[in-house]
Amino acid sequence: MSQLNLHLKVWRQNGSQPGHFQDIDAPDIPDHASFLEMMDIINERLISKGEDPVAFDHDCREGICGACSMQINGVPHGPAKATTTCQLHMRKFRTGDTIWVEPFRARAFPVLKDLMIDRGAFDRIQQAGGFISVRTGAPQDANALPIGKVVADAAMDAAECIGCGACVAACKNASAMLFVSAKAGQLNSLPQGQPEKDRRTLGMVRQMDKEGFGNCTNQYECEAACPKEISVRWITKLNRDYAVAAVKDAFGNTRKEAGGGD
Amino acid sequence: MSLNSNIPSGPMAMKWSTHKQDSKLINPKNKRKFTVLVVGSGLAGSSAAATLSELGYKVKCFCFQDSARRAHSIAAQGGINAAKNYQNDGDSVHRLFYDTVKGGDFRAREANVHRLAEVSVNIIDQCVAQGVPFAREYGGMLANRSFGGAQVSRTFYARGQTGQQLLLGAYSALNKEIAGGGVQMFPRTEMLDLVTVDGHAKGIVTRDLVTGKIESHAGDAVLLCTGGYGNVFYLSTNAMGCNVTATWRAHRKGAFFANPCYTQIHPTCIPVSGEYQSKLTLMSESLRNDGRVWVPKNAADCGKTPDQIPEDARDYYLERKYPSFGNLAPRDISSRAAKEACDDGRGVGPGGRGVYLDFAEAIGQYGAKTIAERYGNLFDMYERITGESAYKRPMRIYPAVHYTMGGLWVDYNLMSNLPGLHVLGEANFSDHGANRLGASALMQGLADGYFVIPTTIANYLVNQKPGSITTEHPEFKKAVENCTAQTKRFLNIKGKRSVDSFHRELGLLVWDKCGMARTKEGLTEALNRIPALREEFWQNVNVPGSGDFTNPELEKAGRVADFMEFAELLCLDARHREESCGGHFRSEHQYPDGEAKRDDENFSYAAAWEYTGNFSQPTLNKEPLTFDEVHLAVRSYK
């Protein structure tokens, strides 16, 4: 194990007040430490000097909860491919490096403090249709509905999304299409998800627009930044599902209720 | 005080159906008048909140994370057990029940475990209907894998991310109810205290982690779904935010804390590499389906690279000691075996605290591609953390704190001894006894939330006048004042040491004296040192910033303060239990071959501790455990 001497430029901001970069020297950082452990070390040093530690979101530190959200040297989650900030290790850096650390930036993700952002918009998009309406206790036997391995595996590919928001931070338009398409795509590609497919698609896309995310212009920076390597083909599918649902909606089909029978 | 577990009468296999028949009903119109507070949004919390809302109750759900979807259930890797017998390999509800009671080393409550095994099959149906993408075979049927402590294949899984997928399923159900207006969600909100009125749990005090505002919420019942206390050890596989505060605060208000000494040390984690380390990472137990655990036979070989150690110089100690379960021996047994090998000087890697988990044979047999399909994400994670490829050389693993079987005492209705306070999932004590089998935590969290509490909560609520207590009640004001005062106290200490430095010191002490092997002497030493450390914490901790805004150090201080108190109860319970069982191994109580020696005559009970106002002298209440179906036997996996 060796030690690194680094220089950090860290974004500091209190709520809606304007923010700025703070220069922080970071000598003697073990190269086996994770990026967040490096931040822990920095914070310990700041606290001992009576200064305000850097606030950042983190929890599981094993790349699955999606809480960590740092823009490192301009790239969401930093330089390692398919890796969240918490799983990025300092051996990816060299002594003498200057590292820029910022929050994920998007109008729909307001900064709360320093590197912490509010990603409530993602929850609200999910609430606008990202579910299958099944009551607890109602279902049939799990094996009564065979689902081909290819379909199930594809749904799982989409379901791996951890909701971190790197796709939004990577996009020059701050579009949330990769996130929304993965969430809608998982359910829209499964047989259980068919009855509500149109309603779900319209609901989620409209909520996404309402939250202030930008439009997708097919540059695919999102896919490159995604720590779970979610494919942009889900965006293609969402566009298709949306077109179908929007046409039906225009003719009143998705709103039409079945009659009460006679 | 005598504890009434409210176990229904009748034959074991009929208890739950009888109880469902006998449980009270509340008519739909009246359900709307009841407010239920659900603290925590993991598998237990999300599933309970969603289901109670579907039934018509008004629900408020709280989590400290920024989104309900980030609760630590998300990190469970391996799978979820269910007695579906889709493999036709002889599984049944009874066999899952039997395996779980035996796996828990005969320290769980039989009736609860049987119910768990019964509803396990409904969980899978529910999750599939929600769109959880479980692994499937080419014919479209659900796939299964094997897990430790079982000789049938009953574990359902979604790659190495089963917890994530199950939680996202429960989160989607929760979202459906939030959208419908039945659940009000409070993210970034931490519970600081429980409010009791005339001995009944009627509300909670919370802190908004963004604005710092301390508020209270009143409800007709409170559900704690707040997980385990593994972070008392500082280093564990738990998320950084996992804490004991909710259950500990409830304990201080009168709820009994049961069996805290039952802690699970998971055998397959990435070893500690340095002092800066903030957490330990689990490598799923499913790896033991194909990985072989070994250390060098001779301590002299430990410094060599694994490829320099020939086959006949390796000790595949699990296969040698437990030929019928081999590498799939249960967690407590595998962990202790790893510790023994390292204590024997045959550990590998830095500090000699590691053993090999070797995939060479499986890669030779099935090819690297198949192994990558099965465990690719785990191999990738291992490489990111250690910089080594497990395709080329064996993983190094070592046991780490993973799960806690102890928790607040609950009866068959999942209600604690405080009326109205219900406890679900890892936060309660009931189903896993002294050791939890792999793939059973997810099962329990969802069983409690989807299927048990929606039935049993009515037994309490039916006798309550809905909305009779509001936050105007003086008990609420008092509780808010206490929490506000504690916040001020933290900020005014202005000491020299950071919160983390205290947490690390406490964790090392508890790990050293109350970890994988415990002795009376060691525990006594810990019990002497903990109060002194706690005293120093309150004199010398440095919590910067203010209480009126986002302040992660203040949040940590509150959690560590509670761990400082809880650690004493943990060690007291471990010292009082003069036997070895499951995750609780007392070095004084073992067979000549090193296996755990239970004392059924004297310790076949759940130890439910009552707070007396003095941390060093809690009162012990005992719930005797009887075993009518599964006969007490020495637990053997040989």
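**Notes on the predicted model**

1. Chain A contains 8 helices and 7 strands. The coordinates under review are those of a predicted model, and the remarks below should be read accordingly.

2. As regards overall dimensions, the C-alpha trace of chain A spans about 80 × 40 × 35 Å along its principal axes. Chain A has 262 residues, of which 53% are buried. Of the contacts in chain A that link residues at least 6 apart in sequence, 70% are between residues at least 24 apart.

3. Chain A is divided into two parts, with domain 1 covering residues 3–113 and domain 2 covering residues 120–250. Taken over C-alpha atoms, the centres of domain 1 and domain 2 of chain A are 29 Å apart. To the contact between them, domain 1 of chain A contributes 18 residues and domain 2 of chain A contributes 16 residues. On the side of domain 1 of chain A that touches domain 2 of chain A, 9 residues are nonpolar, 7 are polar and 2 are charged.

4. Helix H6 (residues 197–210) and helix H8 (residues 233–250) of chain A pack with their axes 9 Å apart, at an angle of about 105°. Because angles of 65 to 115 degrees count as roughly perpendicular, H6(A) is described as roughly perpendicular to H8(A).

5. Which residues make this helix contact? From H6(A) they are Lys197(A), Asp198(A), Thr201(A), Leu202(A) and Val205(A). H8(A) supplies Leu238(A), Asp241(A), Tyr242(A), Ala245(A), Ala246(A), Lys248(A) and Asp249(A). By class, the residues in the contact of H6(A) with H8(A) comprise 6 nonpolar, 1 polar and 5 charged.

6. Turning to the interface between the chains, 64 residues of chain A are in contact with 63 residues of chain B. On the chain B side, the elements giving two or more residues are helices H3 (43–55), H5 (110–130), H6 (162–180), H11 (368–386), H12 (441–461) and H16 (552–576) of chain B. H6(B) gives the most to this side, with 9 residues.

7. How do the residues of the side of chain B that touches chain A divide by class? That side has 25 nonpolar, 25 polar and 13 charged residues. The size of an interface is often given as the accessible area lost when the parts come together; the present note instead describes the interface by the residues in contact, 63 of chain B and 64 of chain A.

Note on methods. Residues numbered from 1 in each chain as written. Chains lettered and ligands numbered in written order. Predicted model: local features only at pLDDT ≥ 70, side-chain atom pairs only at ≥ 80, totals over all residues. Domains from an automatic or database assignment. Contact = placed C-beta atoms within 7 Å. Nonpolar A, V, L, I, M, F, W, Y, C, P; charged D, E, K, R; others polar. Helix = DSSP H or I, 4+ residues; strand = E, 2+ residues; numbered from the N terminus. Buried ≥ 20, exposed ≤ 12 C-beta atoms within 10 Å, placed from the backbone. Axes fitted to C-alpha atoms, helices over the stretch in contact; angles between N-to-C directions. Parallel < 35°, antiparallel > 145°, perpendicular 65-115°, else oblique.
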